[in-house]
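Here are my notes on this one, as numbered points. Have the model open next to you while you read.

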Amino acid sequence: IPWASESFRSNADLVNTLLVLIQDENFGVRTQASIALDSYNYDPEIREALLNILYNDPETPPRYAAFGTLIEKEPSETLIPILRTVLEGGEEGLIVRALVALGEMGPEAKTLKPLAEKYLTHNAYGVRQAAQDAISKIG
């Protein structure tokens, strides 16, 4: 929300507002708030709000937005358990994004290679391709 930062006294005020908006009943508002949080300092409160959206939101777009922000902000050692959770039970689009993230991590993601391998026989070509790419980059 680029224009919004001019309306708030500080980034903290804006982040607090986004943390309220991430709980809005409108999934479009939750989605945009998740995306907007990517622009601010990552802290435990933001992390917790994004994880809550990823694991509990009933709508797909907010989960995708929250997951994208988590992938961008989370350090590798704490991203791995999040990726594991998505790979163990996420929906197809999230699984593809998790597999891409594994590939980007390379050898650091070696512990999740067996999970990636299970997607080599998935019925969707995009999932199989993402799994193959991730595995080749993990080594």
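1. Ground rules before anything else: contact here means heavy atoms within 4.5 Å. This is a predicted model, where local features need pLDDT of at least 70, side-chain atom pairs count only at pLDDT 80 or more, and totals for chains, interfaces and linings use all residues. Residues are numbered from 1 along each chain as its sequence is written, and side-chain values use heavy atoms, with hydrogens and water left out.

2. Start with Asp57. Leaving aside neighbours within four places in sequence, Asp57 is in contact with Arg30, Asn52, Pro62 and Arg63. Asp57 sits in the loop between helix H3 (44-56) and helix H4 (60-73); helices are DSSP runs of H or I, at least four residues, numbered from the N terminus. Is Asp57 buried or exposed? Its relative accessibility is 8%, so Asp57 counts as buried. For the cut-offs, buried is under 20% relative accessible area, exposed is over 50%, and partly exposed is in between (1.4 Å probe, protein chains only).

3. Now the charged pairs. How many salt bridges does a search of the whole structure find? The count is 5, a salt bridge being a side-chain nitrogen of Lys or Arg within 4 Å of a carboxyl oxygen of Asp or Glu. One of them joins the side chains of Arg30 and Asp57, at 2.5 Å from N to O. Arg30 lies in helix H2 and Asp57 in the loop between H3 and H4, so this pair ties together parts that are 27 residues apart in sequence. Both partners, Arg30 and Asp57, are buried.

4. Another bridge is Asp38 with Lys73, at 3.9 Å from N to O. This pair also links distant parts of the chain: Asp38 is in the loop between H2 and H3, Lys73 is in helix H4, and they are 35 residues apart. Asp38 is partly exposed, with a relative accessible area of 30%, and Lys73 is partly exposed at 28%.

5. Then there's Arg97 with Glu72, whose closest N and O atoms are 3.9 Å apart. Arg97 is in helix H6 and Glu72 in helix H4, 25 residues apart, another link between distant parts of the chain. Arg97 is partly exposed at 26% relative accessible area, whereas Glu72 is exposed at 53%.

6. Have a look at how H2 and H4 pack. Their axes come within 8 Å and cross at roughly 5°; axes are lines fitted to C-alpha atoms, for helices over the stretch in contact, and angles run from 0 to 180 degrees between N-to-C directions. H2 and H4 are therefore roughly parallel to each other, since angles under 35 degrees count as roughly parallel. Phe27, Arg30, Thr31, Ser34 and Ile35 in H2 meet Pro61, Pro62, Ala65, Ala66 and Thr69 in H4.

7. The largest nonpolar core has 44 residues, a nonpolar core being a set of buried Ala, Val, Leu, Ile, Met, Phe, Trp, Tyr and Cys residues joined through side-chain atoms within 4.5 Å. Those with the most contacts inside this core are Leu37, Phe67, Leu83, Leu87, Leu99 and Leu102. H6 gives the most to the core, with 7 residues. As for Leu37, leaving aside neighbours within four places in sequence, its contacts are Val15, Leu18, Leu19, Ile22, Ile46, Leu50 and Thr69.

Conventions:
Helix = DSSP H or I, 4+ residues; strand = E, 2+ residues; numbered from the N terminus. Parallel < 35°, antiparallel > 145°, perpendicular 65-115°, else oblique.
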